[in-house]
Amino acid sequence: MQLPRGTFREIKKGSRIGDLLEELERTKFSGISSVSSPAGTGTLVYKKGACILVKFKGLAGDKGWGELHADPDGEVDAALSTLDDAQIQLALDFNKNCRVLKPARISDEQRKPAPTARPAASSAPVTM
């Protein structure tokens, strides 16, 4: 992706993918999130909390967004830089192939921790 240089904000180490995406949405982040994980690297551009551009593991746009959501529990490191409205428009103009057209949020099912296994109840009467 060809992106303008943003203003560095912070580095997040060892974040869950799902948690990072939720935070960027919740805080209405506008800027670039460069992510790196053992599974791959990528770049996301946000405008007021909405992801508008993605390139992740070589996949652009909706395919990259889908790949990112495939493992919401995966761990990533992220570098965040802010962009102003003019910089975001430049990013959109130069990266049309990376646009997210069908944004999806992490579903409630993906957010919930896996249920713990419970021992099956015995139907045999208890004798004392």
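Helix 2 (residues 61-69) has G61, G64, W65, L68 and H69 as its buried residues, buried being under 20% relative accessible area with a 1.4 Å probe and protein chains only. Looking down the axis of helix 2, these residues fall within an arc of 135 degrees, so they line one face of the helix; the arc is taken from the directions from the helix axis to the C-beta atoms. Helices (H or I, at least four residues) and strands (E, at least two) are DSSP runs, numbered from the N terminus. The model is a predicted one, with local features needing pLDDT of at least 70 and side-chain atom pairs pLDDT 80 or more, while totals for chains, interfaces and linings use all residues. Residue numbers start from 1 along each chain as its sequence is written, and side-chain values use heavy atoms, leaving out hydrogens and water.

As for the sheet, six strands make it up, open and antiparallel, in the order 1-6-2-3-4-5 (strands pair if DSSP finds at least two bridges between them). Strand 1 (7-16) and strand 5 (59-60) sit at the edges with a single partner strand each, so one side of each lacks a neighbour in the sheet. Strand 1 runs antiparallel to strand 6 (residues 75-82), joined to it by seven bridges, and S15 faces V76 of strand 6.

Helix 1 (residues 17-26) lies across strands 1, 2 (31-37), 3 (40-47) and 6, at about 145 degrees to strand 1. Angles run from 0 to 180 degrees between N-to-C directions, with axes fitted to C-alpha atoms, for helices over the stretch in contact (heavy atoms within 4.5 Å).

Terms used
Buried means under 20% relative accessible area, exposed over 50%, partly exposed in between (1.4 Å probe, protein chains only).
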